[in-house]
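The following questions and answers examine one protein model. Please consult the sequence and the structure while reading.

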Amino acid sequence: MIEVKESVINQLRTHCQIDGDEIGGVLTGSITSENRLRISNVSEPCTILNLSNRCACIRDASRANKFIQEDFERSDHTRIYLGEWHTHPENDPHPSSVDIESIIEIYNKSDIVIDGVVLVIVGLKSNYYGFYDGKSMKEKSITIV
């Protein structure tokens, strides 16, 4: 189960890709006492602008890691890296094969605390929420908190 703070949803909505290039960033949060993931914070876009286009973006790892570390410190070591977000220029987005390959690479190469990686794709009308558990990407319903 994934819980998402309303403030995170509101912030992600400000990044809808009505026009322009795809952008993305990282998600931080915690594991609640009910063993659920709670997305509590979202970075500002941390993509390399000159390497992005309408349907692709490259994340600036140093900016993303700086956000993760600063949020960990600000939260008194309670918020951790949960996953990635990016935009798609479509109403109801779903991950492309490139998106899934990217999440698999993050899962395989990163020191992650949870047993997977969250993926949020911001669309024009709705967002996609998914979780990669090391075997497959599964769309997840969310609870807004």
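Buried means under 20% relative accessible area, exposed means over 50%, and partly exposed lies in between (1.4 Å probe, protein chains only). This is a predicted model, in which local features need pLDDT of at least 70 and side-chain atom pairs count only at pLDDT 80 or more, while totals for chains, interfaces and linings use all residues. Residues are numbered from 1 along each chain as its sequence is written, and side-chain values use heavy atoms, with hydrogens and water left out.

Q: Is Cys-16 buried or exposed?
A: The relative accessibility of Cys-16 is 18%. Because the limit for this class is under 20%, Cys-16 counts as buried.

Q: How many disulfides does a search of the whole structure find?
A: A disulfide is a pair of cysteine sulfur atoms within 2.5 Å. The sulfur of Cys-16 is 15 Å from the closest cysteine sulfur, in Cys-57, which is too far for a bond. Cys-46 is in no disulfide either, its nearest cysteine sulfur, that of Cys-57, being 9.0 Å away. For the whole structure, the number of disulfides found is zero.

Q: What pattern does the protein chain follow along the sequence?
A: Helices (H or I, at least four residues) and strands (E, at least two) are DSSP runs, numbered from the N terminus. The protein chain has three helices and eight strands. Read along the sequence, these elements give the pattern β-α-β-β-α-β-α-β-β-β-β.

Q: Which strands stand at the edges of the sheet?
A: Two strands pair if DSSP finds at least two bridges between them. The open sheet has mixed pairing and the order β7-β6-β5-β4-β2-β3-β1-β8. A strand with a single partner has one side left without a neighbour in the sheet, so the edges are held by β7 (137–139) and β8 (142–144).

Q: Which residue in β8 does Val-4 stand opposite?
A: Strand β1 (residues 2–4) pairs with β8 in the parallel sense, over three bridges. Within β8, the residue opposite Val-4 is Ile-144.

Q: What radius of gyration does the protein chain have?
A: The radius of gyration is taken over C-alpha atoms, and the globule rule is 2.2 Å times the number of residues to the power 0.38. With 145 residues, a compact globule would have a value near 15 Å. The protein chain agrees with this, its radius of gyration being 14 Å.
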